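My notes follow, in the order I looked things up.

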Amino acid sequence: MTVFYCAKCGAELTPDLQQLQSIPDISVRDRDRHGKTQLAPSTVPRGSYAIDPEPWGAPFVTPGTRAPSALVSRALLMPPGMTDMAPAGPRSSVIVHPEDTLNLQLASSLGIHHGCCGPLGTGGPNMTCVCGAGVATLAADCMGPHELHLDPLRTYAFTPDTSL
């Protein structure tokens with residue numbers, strides 16, 4: 001089991017989570033969306049996390065410099081003026097279920113990076129720790145993926161050695 005912490009202040013950001021071997025495939029069919037919020041199912045189940053080996057989120061680059069992801073179900077809904085851009089954000093971000101975080105708050109101003117139902121996840125870290133550091137990016141609009149990425153430079157993991 002692994003717990004994630006804020007690199008700035010050391011605050012615990014998640015409970016114990018179990019690592020998945022890969023990022024699960026998720027359904028983008030309307031019938032699998034939540035009846036009230038219309039959110040897609042979370043990319044990872046509660047109590048789990050997965051490492052995303054691909055660049056994810058901000059900054060974004062123009063077409064031709066990076067091939068678009070083949071994972072349509074996890075493609076971000078882009079705001080106006082960014083529709084032809086591809087993610088070039090950090091590799092190895094940690095994807096957790098949005099409800100598996102402790103004490104994170106959504107940034108107050110998302111600007112164009114807010115969809116009709118929630119944050120698009122395109123504006124960089126939009127979730128802050130109790131110390132104010134931007135440590136994660138939530139994508140939770142009804143038309144995109146439903147996942148939370150912990151920034152690999154702003155968070156760290158601790159896995160206790162159970163062999164002792």
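This is a predicted model: local features need pLDDT of at least 70, side-chain atom pairs count only at pLDDT 80 or more; totals for chains, interfaces and linings use all residues.

**Entry 1**

Residues are numbered from 1 along each chain as its sequence is written, and side-chain values use heavy atoms, with hydrogens and water left out.

Two of them pair if DSSP finds at least two bridges between them. Strand β6 (residues 93–96) and β10 are antiparallel, with 3 bridges. On β9 and β10 I found 4 bridges, again with the strands running antiparallel. There, L138 sits opposite L148 in β10.

Which way do the residues of β10 point? E147 and H149 go one way, L148 and L150 the other, and all are buried (buried is under 20% relative accessible area, exposed over 50%, partly exposed in between, with a 1.4 Å probe and protein chains only).

**Entry 2: the whole sheet**

I then traced the strand order and got β2-β3-β6-β10-β9-β8-β7, an open sheet of 7 strands with mixed pairing. β2 (18–19) and β7 (105–106) are the edges; each has a single partner strand, so one side of each has no neighbour in the sheet. I checked β2 against strand β3 (residues 48–52) and found parallel pairing over 2 bridges. Q19 is opposite Y49 in β3.

**Entry 3: aromatic pairs**

How many aromatic pairs are there in the whole structure? My search gave 2. For this, rings of Phe, Tyr and Trp (its six-membered ring) must have centres within 6.5 Å; planes under 30 degrees apart are stacked, over 60 edge-to-face, and the rest tilted. F4 and Y49 have ring centres 5.0 Å apart and planes at 85°, so I logged them as edge-to-face. F4 is in strand β1 (residues 3–6) and Y49 in strand β3, so this pair ties together parts 45 residues apart in sequence. Both F4 and Y49 are buried.

Y5 and Y156 have ring centres 5.4 Å apart with planes at 20°, so that pair is stacked. Y5 belongs to strand β1 and Y156 to strand β11 (residues 155–158), 151 residues apart. Y5 is buried at 17% relative accessible area, while Y156 is partly exposed at 39%.

**Entry 4: cysteines**

I looked for disulfides (cysteine sulfur atoms within 2.5 Å) and found 0 in the whole structure. For C6, the nearest cysteine sulfur is that of C129, 3.8 Å away. C6 is buried, at 0% relative accessible area. The sulfur of C131 has its closest cysteine sulfur in C9, at 3.7 Å, which is too far for a bond. C131 is partly exposed at 30%.

**Entry 5: D141**

Last stop: D141, in the loop between β9 (134–139) and β10 (147–150). Is D141 buried or exposed? At 2% relative accessibility, D141 is buried. Its side chain reaches the backbone nitrogen of G118 at 3.3 Å. Leaving aside neighbours within four places in sequence, D141 has contacts (heavy atoms within 4.5 Å) that include L39, L77, G115 and G118.

Technical notes. A polar contact is a pair of N or O atoms within 3.5 Å; within protein, one must be able to donate a hydrogen and the other to accept it, and residues adjacent in sequence count only if both atoms are side-chain atoms.
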